[in-house]
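Here is a short tour for anyone meeting this structure for the first time. Have a look at the sequence and the model, then read on.

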2 protein chains.
Amino acid sequence: MARIEKLVIVGVGLIGGSFALALKAAGAVGRVIGVGRGAQNIRCALDLKIIDAAGALDAATLADAGLVLLSMPVGQMPTVMRSLAPLLGGRTIVTDAGSTKQDVVELARRELGGSIARFVPGHPIAGTEKSGAEAAFAGLYRERKVVLTPLAENDPEAIAWVRAAWERCGARVSEMKPEEHDAVLASVSHLPHVLAFTLVDLVARHENAKQLFSFAAGGFRDFTRIASSSPEMWRDICLANRKALLAEIDRYRGGLDEIRAIIDCGDAKALDALFSGARDARERWLKDAQ
Amino acid sequence: MARIEKLVIVGVGLIGGSFALALKAAGAVGRVIGVGRGAQNIRCALDLKIIDAAGALDAATLADAGLVLLSMPVGQMPTVMRSLAPLLGGRTIVTDAGSTKQDVVELARRELGGSIARFVPGHPIAGTEKSGAEAAFAGLYRERKVVLTPLAENDPEAIAWVRAAWERCGARVSEMKPEEHDAVLASVSHLPHVLAFTLVDLVARHENAKQLFSFAAGGFRDFTRIASSSPEMWRDICLANRKALLAEIDRYRGGLDEIRAIIDCGDAKALDALFSGARDARERWLKDAQ
């Protein structure tokens with residue numbers, strides 16, 4: 001990848017801000033222009049030298065951009081893409097950081113016209129509970145996974161550029177079909193979020209909720225940590241990835257029915273096998289992930 | 001509480017060992033005798049001065065004991081209680097640390113004869129993933145909850161003694177009916193364990209399990225931490241508390257059906273309300289728990 005002379009970040013939060021900082025730290029970027037709705041957040045990004053200037057969704061900001069990262073909440077994607085389409089120059093490459101990919105691809109095909117050749121959809125699998133520019137840091141993507149879901153229409157050079165940019169951030173980049181990405185994330189991310197939100201909701205709605213919470217300990221706290229995530233973000237993800245998520249919820253209900261039957265008939269051996277198998281699988285995963 | 005001149009710990013692991021260390025630190029105990037099947041673990045408990053001597057389930061160890069704590073795995077409870085019954089002196093108070101209470105109470109009523117007056121069932125809601133004497137530490141129970149489920153047959157002095165012993169360990173002691181205890185723990189502890197084991201089991205049995213695990217991140221790790229717990233311990237708990245747990249699984253399936261319907265019909269407002277409500281309830285709980 002040649003150096004990105006002008007990088008535009010639309011949505012300078014944890015994800016977009018960390019991308020800018022990582023590329024700056026790698027010496028891979030010239031000027032960084034931040035675009036965002038929150039004046040205070042943009043000021044913070046300027047103060048922290050995450051961005052060099054504030055821009056807007058206009059020709060001055062976008063026409064000569066080398067790379068544009070769309071890292072605002074997914075709910076703003078339709079509006080931003082529509083504004084972007086007529087402004088993009090003939091050489092600007094665009095990527096995004098949305099948690100779901102089929103909906104983003106569909107939207108891009110509808111909105112971007114000829115620029116679709118240089119729009120490479122992506123999803124960095126990284127983050128913390130924090131948000132906003134002040135949470136950004138250069139090391140967020142080091143050794144973390146980034147999934148690209150390139151399109152048949154993509155210019156191969158655009159794919160190579162986006163891959164190289166993420167690799168300069170320290171990430172490990174892989175490629176999938178958008179539907180494969182959404183199925184994998186439904187299983188290991190979206191489903192657990194739904195399960196955690198559902199448990200907290202049930203306990204909170206219980207007639208003796210106060211007593212129940214007062215006897216909840218460390219296991220409950222860790223299990224439900226993801227139920228403290230942004231409701232708006234997860235509402236959008238659940239709706240955007242509805243089909244794959246519903247399939248995972250149905251598989252999970254099947255699994256729950258199985259273990260319910262095992263407990264109901266008191267089958268100690270089957271219960272032991274299921275618990276031991278799960279624990280061993282988790283321990284292997286933790287070991288492999290090191 | 002007067003000082004416990006002779007304390008007998010049956011099962012000198014994290015729970016029993018920490019009880020002994022906490023009482024020693026509080027100057028509330030004279031000699032501590034450890035009883036256990038694992039010679040190596042008992043040697044470790046001696047080396048670490050958790051216990052002052054090794055004993056056995058015999059008259060020499062038990063006849064003049066002031067307090068006996070049963071803190072071995074629940075699966076050994078029937079055998080231990082049967083051995084204990086004929087050995088107990090007329091003044092020895094007995095308590096336990098089992099995670100379920102109705103089954104322990106039923107067993108005690110069947111096995112302990114007249115000694116039931118001085119058997120006060122209990123459950124310290126504390127622990128870590130670690131086990132064995134070497135994991136024990138004096139501060140384990142500080143500010144943690146201990147639930148006693150006293151029996152109608154109990155000598156009030158025995159209840160007061162057991163309560164005082166836990167309070168000397170720094171714990172906050174409350175009392176419940178055994179069935180109330182089991183219902184509360186089914187909801188905030190046993191159910192989450194079943195849900196976490198079930199998720200890991202499903203992912204592990206998936207045809208592309210390897211790929212799924214490779215894209216699992218921090219949310220999945222915390223959600224499933226409790227699926228690394230002892231399979232044997234959780235098998236016993238699930239079977240011992242089967243009735244309350246099945247009721248919680250059924251409630252959870254109802255909750256999952258509700259959220260599935262909300263996602264299926266794309267009701268963004270209802271999804272937002274559920275997620276926001278859950279997050280707010282969790283944040284309130286964390287604040288109250290401080």
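## A sheet in chain B

Let's start with one pair: Ile9(B) has Leu69(B), in strand 4 of chain B, as its bridge partner. Strand 1 (residues 4-10) and strand 4 (residues 67-70) of chain B run parallel and share 4 bridges. Two strands pair if DSSP finds at least two bridges between them, and strands (E, at least two residues) and helices (H or I, at least four) are DSSP runs, numbered from the N terminus.

The open sheet in chain B has 6 strands in the order 3-2-1-4-5-6, with parallel pairing. At its edges sit strand 3 (53-54) and strand 6 (119-120) of chain B, each pairing on one side only. Helix 6 (residues 156-168) of chain B packs on this sheet and touches strand 1, strand 4, strand 5 (93-96) and strand 6 of chain B.

A word on the basis: this is a predicted model, where local features need pLDDT of at least 70, side-chain atom pairs count only at pLDDT 80 or more, and totals for chains, interfaces and linings use all residues. Residues are numbered from 1 along each chain as its sequence is written, while chains are lettered from A and ligands numbered from 1 in the order in which they are written.

## Where the two chains meet

How many residues of chain B are in contact with chain A? There are 69 residues of chain B in contact with 69 residues of chain A, contact being C-beta atoms, placed from the backbone, within 7 Å. Helix 7 of chain B gives the largest share of the chain B side, 18 residues. That side divides into 41 nonpolar, 13 polar and 15 charged residues.

Chain B superposes on chain A by a rotation of 180° with 0.0 Å of shift along the axis (RMSD 0.0 Å), using least squares on the C-alpha atoms of residues with pLDDT of at least 70 in both. The two copies are thus related as by a two-fold rotation axis. In chain B, the C-alpha of Phe223(B) is nearest the axis, 2.0 Å from it.

## Two loop residues with positive phi

Lys49(B) isn't a glycine, yet its phi is positive, about 55°. Lys49(B) sits in the loop between helix 2 (39-47) and strand 3 of chain B. Buried or exposed? Lys49(B) counts as exposed, because it has 11 C-beta neighbours inside 10 Å; exposed is 12 or fewer, with C-beta atoms placed from the backbone.

Glu143(B), also other than glycine, has a positive phi near 65°. Glu143(B) lies in the loop between strand 7 (122-125) and strand 8 (145-148) of chain B.

Technical notes. Contact = placed C-beta atoms within 7 Å. Axes fitted to C-alpha atoms, helices over the stretch in contact; angles between N-to-C directions. Nonpolar A, V, L, I, M, F, W, Y, C, P; charged D, E, K, R; others polar. Buried ≥ 20, exposed ≤ 12 C-beta atoms within 10 Å, placed from the backbone.
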